[in-house]
Amino acid sequence: MKFLKDNRCSRKLYFPVRGKALRLPIYFPSISSVKTGLSPFDYFNVLEALQQTHFLVSAFDIDKSFQREEFIQALKANRSKNGAIILMDSGNYESYWIRDKSWSIEGFNGILKHDVSDLAFCYDNQFPPDDSKENATGVAMSTKKSQEVATTTSIIPIIHCKKENLSDAVLELCNQTNSPMVSIPERILGDGLLERVKTVTNLRRELNKLDNYTFIHLLGTGNPFSLLLFSLAGADSFDGLEWCQTTVNSETALLYHFQQRELINDNCTFCKSDEFDYNLTTLGHNLAFYNDWMKGIQEAIEANSEETLLHKYFDAKFVNCLTKIWS
Ligand SMILES: [Zn+2]
């Protein structure tokens, strides 16, 4: 598939952050107070105990935590002891679902000032103007406003727009800022896997015409098959809640209900051990899978063996549709 071959020459295999090199493509397990079982601070403690090297937290959840100060101090301590790379979300997702209309860029910037993160997404406007230039200008301004108060955190812009305007809006943003990464919600990419793959591929084709490489982060992507397909389509980074909302079948990469891990029982460190309770075992099992899954994608890209991976998980008819997009 010609696109895969061409993009292999353009894509970067690492993203540099705080003196570390994050291997790409990368999946950041997300922590959120919305539609999950434990509190954000509890999830942070689990991730830290499991020595997860990178994850995402929400500024809204930190600010609204019953243990706000402890949470902030724990995140700061993580940075000072050279712990995990922390990506922070503005928290507009949580404030939307919790219907807290008071959450603002000032609240987000207030958390940024505590130096709890290495990377953060800008405070985003979910309902931007249709005009791509105006849209990009608004995003660039919000990014700049937060970057001015952030000392340890690099702010990554988020583009919301109609699928049809995506390439225009992102290229306009690249024109107005020198951000090395742009972030896009997965849900705006279209309906169905193939349409979404096509949208990411088209955007990657356009970005690869520029002088500097622009990393693409997809927001809310945590399904293993989506991670595989969007990685090959040219996205570099992802975040999602699936690791704490579901249980993954490590053989098939299919997701089960969180309470159904006993149907899987593979041979991973966590399933084998009876040291931990159900929640911790399942979270450990999932994290081990996701870290392995991304490693498999990274290795396939480096070894030019992406097509073998596609045939392992998808039938010939589906791979044929992908061939048409990537020919
Ligand atoms: Zn397991």
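This is a predicted model: local features need pLDDT of at least 70, side-chain atom pairs count only at pLDDT 80 or more; totals for chains, interfaces and linings use all residues.
User: Which residues make the contact?
Analyst: From H2 they are Pro 40, Phe 41, Phe 44 and Glu 48. H4 supplies Glu 70, Phe 71, Ala 74, Leu 75 and Asn 78.

User: How do those divide into nonpolar, polar and charged?
Analyst: Six of the residues in the contact of H2 with H4 are nonpolar, one is polar and two are charged.

User: And is the crossing left-handed or right-handed?
Analyst: H2 and H4 cross in a left-handed way.

User: Switching to the metal. What are the protein donors of the zinc ion?
Analyst: Asp 266 (OD), Cys 268 (SG), Cys 271 (SG) and His 285 (ND1), lying 2.0 to 2.2 Å from the zinc ion. Along the chain, these donors follow the spacing D-x1-C-x2-C-x13-H.

User: What is the site like, going by the angles?
Analyst: The site is tetrahedral, with angles of 96 to 118 degrees among the four donor atoms.

User: Back to helices. At what angle do H13 and H14 pack?
Analyst: Helix H13 (residues 278–302) and helix H14 (residues 306–313) pack at about 135 degrees, with axes 8 Å apart. H13 and H14 are therefore oblique to each other.

User: Which residues touch there?
Analyst: Trp 293, Gly 296, Ile 297, Ala 300 and Ile 301 of H13 meet Glu 306, Leu 309 and Tyr 313 of H14. Six residues of this contact are nonpolar, one is polar and one is charged.

Methods:
Residues are numbered from 1 along each chain as its sequence is written. Side-chain values use heavy atoms; hydrogens and water are left out. A crossing is left-handed if the near helix is turned anticlockwise from the far one by less than a right angle, and right-handed if clockwise. Helices (H or I, at least four residues) and strands (E, at least two) are DSSP runs, numbered from the N terminus. Contact means heavy atoms within 4.5 Å. Ala, Val, Leu, Ile, Met, Phe, Trp, Tyr, Cys and Pro count as nonpolar, Asp, Glu, Lys and Arg as charged, and the others, Gly among them, as polar. Donors are N, O and S atoms within 2.8 Å of the metal (3.2 Å for Na, K and Ca); water is not among the atoms, so sites may look incomplete. Four donors count as tetrahedral if all angles lie between 85 and 135 degrees; four count as square planar and six as octahedral if opposite donors are over 155 degrees apart and all others between 65 and 115; anything else is irregular. Axes are lines fitted to C-alpha atoms, for helices over the stretch in contact, and angles run from 0 to 180 degrees between N-to-C directions. Angles under 35 degrees count as roughly parallel, over 145 as roughly antiparallel, 65 to 115 as roughly perpendicular and the rest as oblique.
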